[in-house]
Structure formats: structure tokens, C-alpha cells
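Hello,

Here is the structure I promised to pass on.

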Amino acid sequence: MFRKWFKIALGTAVISLLLSSSSLWRVGFVSAEEMPPPPPQTAQQGELIQTREIDVTGDGKPDTVSLIGMKSDSSSPYYDKLFITVVGPVQTQVVIPLEGGYNPQMDFCDFIQDKLPQIYVSAETGGSGGLSNYYIYSLKNNVPTAIPLPSPLHVKATFKKNYVVKMKIEETGKSFKIDIKDRKDDYEKFGVYKNGSVVKPIIVDVHGYGALKPIDIDRDGYCELKGAQRITGIANADTLGYAISVWKWKQGKWILKDSSIVKTLPGKLR
């Protein structure tokens, strides 16, 4: 119990130091009897969302890596600010501020193949597009380094007769067909089709990553990123399909290993 509260208090103190120059925190080795009771949680305090002891700096000793959130409204599921804190054996080493969001999650995997786990964080933006913010940080040698994310795929759509949409992934040249007969009435009312013939084609919207998840597809101990981008037609609610991509880090950049367009989102990416 003491150890768990000590981590929460330390994380709260780190955030307090960032937000107020007048805040002071002293960390020392004291017994459980000497430790004051934990302060009550308020909307201004840091909330420990996740924590894990794992060596992310490469010194062979476990670091305490925590994901901490702050809320202006304690009854809301939304975190106004998020922080990664990395605490070494003696003192706080690194604090990384992130944008806020819903349902933040932290994971660890070696993406860049340097024999150390990097820190991966995702947080939903809450917008109607179902998007999220994603972050990957390396802490090798105590130096926080943001790993860039792969750029979303570009998709060009062509409406064909009999309610078929041909979609081409521009990065690879591969084409896929999506049948939209299940919504032909909507497309006829909107004027895109008339009796199965194309009248007024529209430009589809290819959204950013709604999912970008770590997965060790090769089972080689290194993680790829598997992404999903929603493709919409006559309205935001009109989901035509999803552009699926698999990325692997090689020679300092993300390489597209595989891509496809599917009508239904795979379960592991939901």
C-alpha cells in the first residue's frame, strides 16, 4: 500500500512542479510510519492511469514508467492533459507532456529494433471521426526521443456502375472493390447513381488513423504498427470501408509491409 501511494504521490508532485513554480516536493527515504497520509484526490491533482516497472533507459535497472492524467472535471472521462513520467532508482528523470484525450492507454514494445522497449501511448480525441492521438517515445540513455508515426495512406475512389466503388491505394497502386448495393437507395437519393448508372460521382473522405496498434506480426520480438483508416462517402456516418496498413521500422523510417481495403473493420483493430 505504501509503495503504491508513494508512486502516485511522486507522479502528482512531478506534474505539480510543471504547473506551478512555487510548488515544492521533497523525496527521501522514510518509513511507512513517518509518511503522511495521502492527500485527497481533487480535479487539479494528477491521476495515475497506468504504471509499470521496466527498463526503458538501457542501464539494466527497472524504471517506474507511469501515465498520469489531469482533469478539470473529476466526473468527466476526459483528461485535459496527459504526462509520461519515468522515475529511475533515485530520482525523477523525465517528464513528457502529451495532449489530452479519452481512454488513454500505455504499452511497451521495441519498434525501432534497438534492444530496448519504447513507450507507446494512445488516447481517443472524442471527435465524430473516431480518431485518436498516438505517441511513441524512446528513453535510451535517459534522452526522450519522439519516434515519428507513419503517414496515413492515400486512397483514390472511382464509382462504377451497379453500385461498386473501386478504391486504389496510391502508395502501392493496388486496387480493391467495395460493393455498396446495401445503400443504393441513399446513393440514388443523393444523386450519385440512377438505376445503377453513375450520375454524379463524389470524392470520398479518407480519415486519419482510427487505430494504430502495436503488433508483433513477424514474432521476431520487434513490433510493427497496424493501422486502420475509415473511408466515408456521402456523409460521415456513411462508412464505405477501411484502409488497413502494416508498418515496420527499417533504417530510421517506417516501411509499408502490407495494405488492403476492407468493408468491415477487423476485430483486433476495434
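**The second largest pocket**

S132, Y134, G210, A211 and K213 lie nearest the centre of the second largest pocket, which has 29 lining residues. A pocket here is an open set of points on a 1 Å grid over the protein atoms alone, where a 1.4 Å probe fits, with protein on both sides within 12 Å along at least five of seven lines; lining residues have an atom within 4 Å of a point.

This is a predicted model: local features need pLDDT of at least 70, side-chain atom pairs count only at pLDDT 80 or more, and totals for chains, interfaces and linings use all residues. Residues are numbered from 1 along each chain as its sequence is written, and side-chain values use heavy atoms, without hydrogens and water.

β13 gives the most to the pocket lining: seven residues. Strands are DSSP runs (E, at least two residues), numbered from the N terminus.

**The cores**

The largest nonpolar core has 38 residues, and F111, F159 and I180 touch the most other members. Such a core is a set of buried Ala, Val, Leu, Ile, Met, Phe, Trp, Tyr and Cys residues joined through side-chain atoms within 4.5 Å. Buried means under 20% relative accessible area (1.4 Å probe, protein chains only). β15 gives the most to this core, with six residues.

Apart from this core lies another, of 19 residues, including V56, M106, F108 and I119.

Which residues does I180 contact, leaving aside neighbours within four places in sequence? They are F159, Y163, V164, V165, Y187, Y193 and L240. Contact means heavy atoms within 4.5 Å.

Best wishes

Conventions:
Buried means under 20% relative accessible area, exposed over 50%, partly exposed in between (1.4 Å probe, protein chains only). Helices (H or I, at least four residues) and strands (E, at least two) are DSSP runs, numbered from the N terminus.
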